[in-house]
Amino acid sequence: MENDINEIVDLYLYYDKARPDRITPQRAKSLLSKQVKAAGLKREKSNVRGAFNNDEVFDFEVAGIPTRTITFDYARESSLKTYLKGIVFDIQTAAKNFTIKKINVVTVHEEEYQVEFELLKRYLSEIEDTVHVEIAVTGLSNFSETVNQ
């Protein structure tokens with residue numbers, strides 16, 4: 001119970017903590033996985049692989065929908081942009097090469113990185129238009145509320 005409370009505090013009071021104590025990408029995936037389980041949904045392994053390195057493009061599938069968590073908290077802006085560019089490329093390539101109708105992109109704390117967040121949304125929107133796939137962008141804190149819709 002105390003661990004659950006600490007996770008909720010971490011999620012909602014993210015920027016009140018020092019940078020080393022903030023949520024890591026791995027922790028974000030773990031918190032998302034817990035939300036999925038608490039919502040009574042099944043989390044499945046995604047078989048979609050990247051074009052260059054054969055790594056998994058999505059963290060997992062929720063109700064058959066490929067789902068990817070994205071964090072924005074990088075020490076250097078260039079690292080963040082490289083990270084986001086890779087994600088956009090992987091999602092676009094996956095949408096072209098696999099039969100995917102919808103993709104969930106779950107972000108963590110985009111407020112401080114609003115410019116990068118807006119760029120990401122614009123590129124994902126372009127993918128929607130060119131590849132004809134629906135991409136739902138939601139925050140980690142409200143993913144479980146929107147996934148059932």
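## Contacts and overall fold

A contact here means heavy atoms within 4.5 Å. Among contacts between residues at least 6 apart in sequence, 67% join residues at least 24 apart. This is a predicted model, in which local features need pLDDT of at least 70, side-chain atom pairs count only at pLDDT 80 or more, and totals for chains, interfaces and linings use all residues. Residues are numbered from 1 along each chain as its sequence is written, and side-chain values use heavy atoms, with hydrogens and water left out.

The protein has five helices and five strands. Both are DSSP runs numbered from the N terminus: helices are H or I with at least four residues, strands are E with at least two. Along the sequence the order is α-α-β-β-β-α-β-α-β-α.

## Burial and surface

Of the 149 residues, 43% are buried. Buried means under 20% relative accessible area, exposed means over 50%, and partly exposed lies in between (1.4 Å probe, protein chains only). The protein exposes about 8700 Å², and carbon and sulfur atoms supply 49% of that area. Accessible areas come from the Shrake-Rupley method with a 1.4 Å probe; for residues, only the protein chains shown count as cover.

## Nonpolar cores

In soluble globular proteins, nonpolar side chains tend to be buried together. A nonpolar core is a set of buried Ala, Val, Leu, Ile, Met, Phe, Trp, Tyr and Cys residues joined through side-chain atoms within 4.5 Å. The largest one here holds 24 residues. Phe58, Ile70, Phe72, Ile91, Ile103, Ile127 and Ile135 touch the most other members. Elements giving two or more residues to this core are α3 (77–97), β4 (102–108) and α4. Helix α3 gives the most, with eight residues.

Another core lies apart from the largest one. This other core has 10 residues, among them Ala28, Val36, Phe60 and Val108.

## Aromatic pairs

A pair of aromatic rings is described by the distance of the centres and the angle of the planes. Rings of Phe, Tyr and Trp (its six-membered ring) pair if their centres lie within 6.5 Å; planes under 30 degrees apart count as stacked, over 60 as edge-to-face and the rest as tilted. The count comes to three aromatic pairs. Phe52 and Phe89 have ring centres 5.5 Å apart and planes at 25°, so they are stacked. This pair links distant parts of the chain. Phe52 sits in the loop between β1 (43–44) and β2, while Phe89 is in helix α3, 37 residues apart. Phe52 is exposed, at 76% relative accessible area. Phe89 is partly exposed, at 34%.

Phe72 and Phe117 have ring centres 6.0 Å apart and planes at 70°, so this pair is edge-to-face. Phe72 lies in the loop between β3 and α3, and Phe117 in helix α4, 45 residues apart. Both Phe72 and Phe117 are buried. Ring pairs join Phe72, Tyr113 and Phe117 into a cluster.

Val115, Leu119 and Tyr123 form a nonpolar surface patch with about 260 Å² of accessible area together. Patch residues have over 30% relative accessible area and no salt bridge; like charges are joined within 9 Å, nonpolar side chains (Val, Leu, Ile, Met, Phe, Trp, Tyr) within 5 Å. A salt bridge is a side-chain nitrogen of Lys or Arg within 4 Å of a carboxyl oxygen of Asp or Glu. Leu119 belongs to helix α4 (residues 114–131). Leu119 counts as partly exposed, at 30% relative accessibility.

## Loops with positive phi

Ala63 has phi near 55°, a positive value in a residue other than glycine. Its loop runs between β2 (60–62) and β3 (65–71). Ala63 is exposed, at 58% relative accessibility. Lys42 is 21 residues from Ala63 in sequence, yet their C-alpha atoms are 6.3 Å apart. Lys42 lies in the loop between α2 (25–38) and β1, and is exposed at 60%. Leaving out residues up to four places away in sequence, Lys42 touches Val36, Glu61, Val62 and Ala63.

His132 also has a positive phi, near 60°. His132 lies in the loop between α4 and β5 (134–139). At 67% relative accessibility, His132 is exposed.
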